[in-house]
Amino acid sequence: MFQYKFPIIILVLFVRFSFAQHLYYRHIPADSLKTFKDTINKVTFKGDTTSNFKHHFKYVLRFFPTMQYNKIEVTFKPSKRIAVAKPTFMCLFLSPEKRKYKINFSTKAPSALDSVTLKNLELDSQLGLIGRQVSHVEDLSTSGFFDVLFWYFKQISRKAKNKREYVVEQKVLEVGLGHQLLALSKTNEERLKIEKWKDTKAYGFYFRNYRKRFMDAETISNFINDLPVYASHQYR
């Protein structure tokens, strides 16, 4: 009897791994992105969704399998802030698995900032930007009452916001989305050069709030070369 079971087990394992979704990419093909499913449906979309980002979120969330949350509401609207992830007020009083978070993406921003809104980025850069916001949610999901409360106060401090961005970007790198974060960084560095700006007021806002807030491409590349996840997985 055993001699028949062994080939069957081998066949089952072969089929399982043959149809398993590949997760790690340097540059993910759009067709591969569409194969990722979300059976839980915890992400909802509101606003200008002319470009469908549902599959983007389904893919990125695969890198955060243990993150606890009840719902993520994604909103699209014109804003000078490219992307913002934040807890709802009720998060203060709820356990992690019952919390709801909001992620806002700008659909139209002033001057050169508009070139790096989600809909104007290439696919890998889009995933890098979404990954950064989901990492914010993951960071909040591990926070207790006072941590969430102090989150609101920390929004006043530029130093505190810069420190938090560094932490969430490190997480994006650690889970394996480094190539997508690198694509985003390179795109931002190119499109947000000073000569690209036509509105001095908009550049002043960017300079005060965003310039040097995020890791540069060289720093990200160094992390990719050093972190174990990039050596232990095959990146296509």
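Leaving aside its neighbours within four places in sequence, which residues is Ser135 in contact with?

## Ser135 and its contacts

Ser135 is in contact with Phe64, Val168, Lys171 and Val172, leaving aside neighbours within four places in sequence. Contact means heavy atoms within 4.5 Å. Ser135 sits in helix H4, residues 123-141. Because its relative accessibility is 1%, Ser135 counts as buried. Buried means under 20% relative accessible area, exposed over 50%, and partly exposed in between, with a 1.4 Å probe and protein chains only.

## About the model

This is a predicted model, in which local features need pLDDT of at least 70 and side-chain atom pairs count only at pLDDT 80 or more, while totals for chains, interfaces and linings use all residues. Residues are numbered from 1 along each chain as its sequence is written, and side-chain values use heavy atoms, with hydrogens and water left out.

Helices (H or I, at least four residues) and strands (E, at least two) are DSSP runs, numbered from the N terminus.

## Strand S4 and its partners

Strand S4 covers residues 100-106, and five of its seven residues are buried. S4 pairs with strand S2 (residues 71-77) in the parallel sense, over seven bridges. Two strands pair if DSSP finds at least two bridges between them. Here Lys71 stands opposite Lys100 in S4.

S4 also pairs with strand S3 (residues 83-87), in the antiparallel sense, over five bridges. Lys86 stands opposite Lys102 in S4.

## An exposed loop residue

Thr66 is found in the loop between helix H3 (54-61) and S2. Its relative accessibility is 71%, so Thr66 counts as exposed. Thr66 and Glu138 are 72 residues apart in sequence, yet 9.0 Å apart in space, C-alpha to C-alpha.

## Helix H9

Helix H9 spans residues 217-226, and Ala217, Ile220 and Ile224 in it are buried. Seen down the axis of H9, the buried residues fall within an arc of 65°, so they line one face of the helix. The arc is that of the directions from the helix axis to the C-beta atoms.

The face of H9 turned away from its buried side carries the exposed residues Glu218, Asn225 and Asp226. The cover over the buried residues of H9 includes H6, H7 and helix H10 (229-232).
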